[in-house]
Amino acid sequence: MLFDKFQEMADFQAELAGKHVKPFGAVTEELLTATTGMVQGKQVILAGTNNYLGLSYDQRCIEAAEAALKKWGTGTTGSRLANGSFAEHQALEAEMADFYGVDHAICFSTGYAATMGMTATLAGPGDVILLDGDSHSSIYSGVKLSGAEVIRFKHSDPDDLAKRLRRLGDRTGNTLIIAEGIYSMLGDVAPLQEIAAIKREYGGYLMIDEAHSMGVMGETGRGAAQAAGIEDDVDFFAGTFSKSLGGIGGFCTSRHPELEVIRFCIRAYIFTASSTPSVVASTREALRIIRAEPELRDKLWNNANRLYAGLENLGLTLGPQVSPVVAVQLADRSQAIDCWQALLNAGVYVNMVVPPATPSTNFLLRNSVSAAHTTEQIDQIIGAYAGLLDSGLLNPDQAA
Amino acid sequence: MADYREYLEFMYGALGPLNKKNVELTETTDLVADIGLSSLEVMEFIEKIEDHFDISIPLNILPDVNTIGELAQKVQGLNP
C-alpha cells in the first residue's frame, strides 16, 4: 500500500495524541513580544525560535516591511528569472555581497532553497561532494539531486576529511567540501580552522552553511568562518534570513564571478516565486541593524553563557560547547515528550527533537537563546528545568 | 586490492556485534530486513569497511544495496 511507509510516523503521532501532547507544530496563538507568546492558551517564554537577535519583532524591521508592502504589494507573483526581480531583491543581494566583503550574492526564497539549490547545482555528475555527516536535511536533499558522487566525512572530524580527500587523489579539483558553522541540533561549532587548512593542503572548494552562525558569530557577524579567521578559504557562504535576521529567505555569497552564471542554473531559484518585497525589506533593515549594533551579539552570548551554565549546574547533559543553541540530551522519546509538556506547563516553550532529525540516537530538548531574552527569562527557563528534576521527570543520572 | 571474498569475510566479522538477533550471515542476508540494522548502524558499519580497506564508499550506491553480497559487489566495483 502506498501509505504503509507512514505507519511508524502514524504510531508516533498516536502516542503523542494519547498523551495530549503536541510538540510538533505547536501553535503560537498570539505573539506578545519577541520572546513571549501564547501557546495552548498559556503565556510562555519562547525558547525554541532561532530568533537569535530578536529582530523578527523589531519595530524598525516591521516598519520597513510595512512601507514595502504599501509600495510593492503583497507578492511578486513570479520567479526571479521572470517577473519576480524587484529593486528590493537586487538591493538585498548587493548589501549581502558587501556584508561578506565579496562581489557576488544570490538571494533565495528560503534558506532550504538556498542550501539545497546550491549543493544540487555546484557539483554534478563526475564531481565529488564531501559533506559533514551531520549536515542539514536541505544539504542532503541537494547533494542527492546533484548527480555527484557523495561521500560523508565524520562529523567535525578534520582527520577523516583529510583521509577522504587523500583517497580522491587528483579528483580533489572537482570536489565540493560542505560544512556548517554552528550545527543546529547540539549547537557545536565546526572546527573550521582545521577544515580550511586541509582544504589548502588537498584542494577542492569549500562551502560553509552559516544558517545558525550568521549574525551570531564573528567580529562583524558574518559567522563562524569569520570567527575562525578563515574566510579567504571559503568559496561559498550559504545561509538563511529566517533566524538572526528574523524574516525568511536564504543566500549564497561568493568571491567567484562564476556565481553570476550559476544563478541561471539553480532550479530552486529559477522555478519558484521570489520573496515578497515586504520580507526583503525587513531583511535589509535587520541586516543594517546587525551591522550597526554589535552589542546585540554581546547580549546574545551573555544569555547563552548564562543558560548553558545554569543547565550545566543542574547536572544536565548538554551539547559540547556554549552557543545560542543549548541542547539538553534525554534518555528516550517518552521522557522527551513528558519533559517537553512539563516545560510548557511551566511557561517555557522549547523544541523537542527526536531521531532521525538529531545526530546519532539523541533525544533532545533544544533551547535557542535570543538577545531579546531578559536575564529574568533565562533564569525562568533554568528554573523550569530545575522543576523537571524536582518532579522526577528528569534525572541527571539517566540522561544520555 | 581486496577481492569480493575478502570484503565478504570482513563484513561478516564487522557485523558480529550488530547481529543482535544472531541470524546466519550469508551473501543473501538482508542488512535491514534480516539483521535489523538501523540507518545509523548501517552508517557505522560502512565506516568500519571504509577504515579497514582505506576506501570511501559513496552514499550513491546504498539505495541499490540490500544484502551483504550486494554491498561486497558494490564495494569491489569501486576498486576494480
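This is a predicted model: local features need pLDDT of at least 70, side-chain atom pairs count only at pLDDT 80 or more; totals for chains, interfaces and linings use all residues.
View 1. Asp233(A) touches Ala196(A), Lys199(A), Arg200(A), Leu206(A) and Arg255(A), leaving aside residues up to four places away in sequence; contact means heavy atoms within 4.5 Å. Asp233(A) belongs to the loop between α8 (224-228) and β9 (236-240) of chain A. Helices (H or I, at least four residues) and strands (E, at least two) are DSSP runs, numbered from the N terminus. With 13% relative accessibility, Asp233(A) counts as buried. Buried means under 20% relative accessible area, exposed over 50%, and partly exposed in between (1.4 Å probe, protein chains only).

**View 2. Packing of helices α1 and α2 of chain B.** Helix α1 (residues 4-15) and helix α2 (residues 39-53) of chain B pack at an angle of about 130 degrees, their axes 10 Å apart. Axes are lines fitted to C-alpha atoms, for helices over the stretch in contact, and angles run from 0 to 180 degrees between N-to-C directions. This angle makes α1(B) oblique to α2(B); under 35 degrees counts as roughly parallel, over 145 as roughly antiparallel, 65 to 115 as roughly perpendicular and the rest as oblique. From α1(B), the contact involves Glu6(B), Tyr7(B), Phe10(B), Met11(B), Ala14(B) and Leu15(B), and from α2(B), Phe45(B), Lys48(B), Ile49(B), His52(B) and Phe53(B). By class, this contact has 8 nonpolar, 1 polar and 2 charged residues. Ala, Val, Leu, Ile, Met, Phe, Trp, Tyr, Cys and Pro count as nonpolar, Asp, Glu, Lys and Arg as charged, and the others, Gly among them, as polar.

View 3. In α3 (residues 68-78) of chain B, Ile68(B), Gly69(B), Leu71(B), Ala72(B) and Val75(B) are buried.

**View 4. Positive phi at Asp54(B) and Ser156(A).** Most residues other than glycine have a negative phi. Asp54(B), in the loop between α2 and α3 of chain B, has a positive phi near 55 degrees. At 36% relative accessibility, Asp54(B) counts as partly exposed. Ser156(A) has a positive phi of about 50 degrees and sits in the loop between β6 (149-153) and α6 (158-168) of chain A.

**Notes.** Residues are numbered from 1 along each chain as its sequence is written, and chains are lettered from A and ligands numbered from 1 in the order in which they are written. Local features need pLDDT of at least 70, side-chain atom pairs count only at pLDDT 80 or more, and totals for chains, interfaces and linings use all residues; side-chain values use heavy atoms, with hydrogens and water left out.
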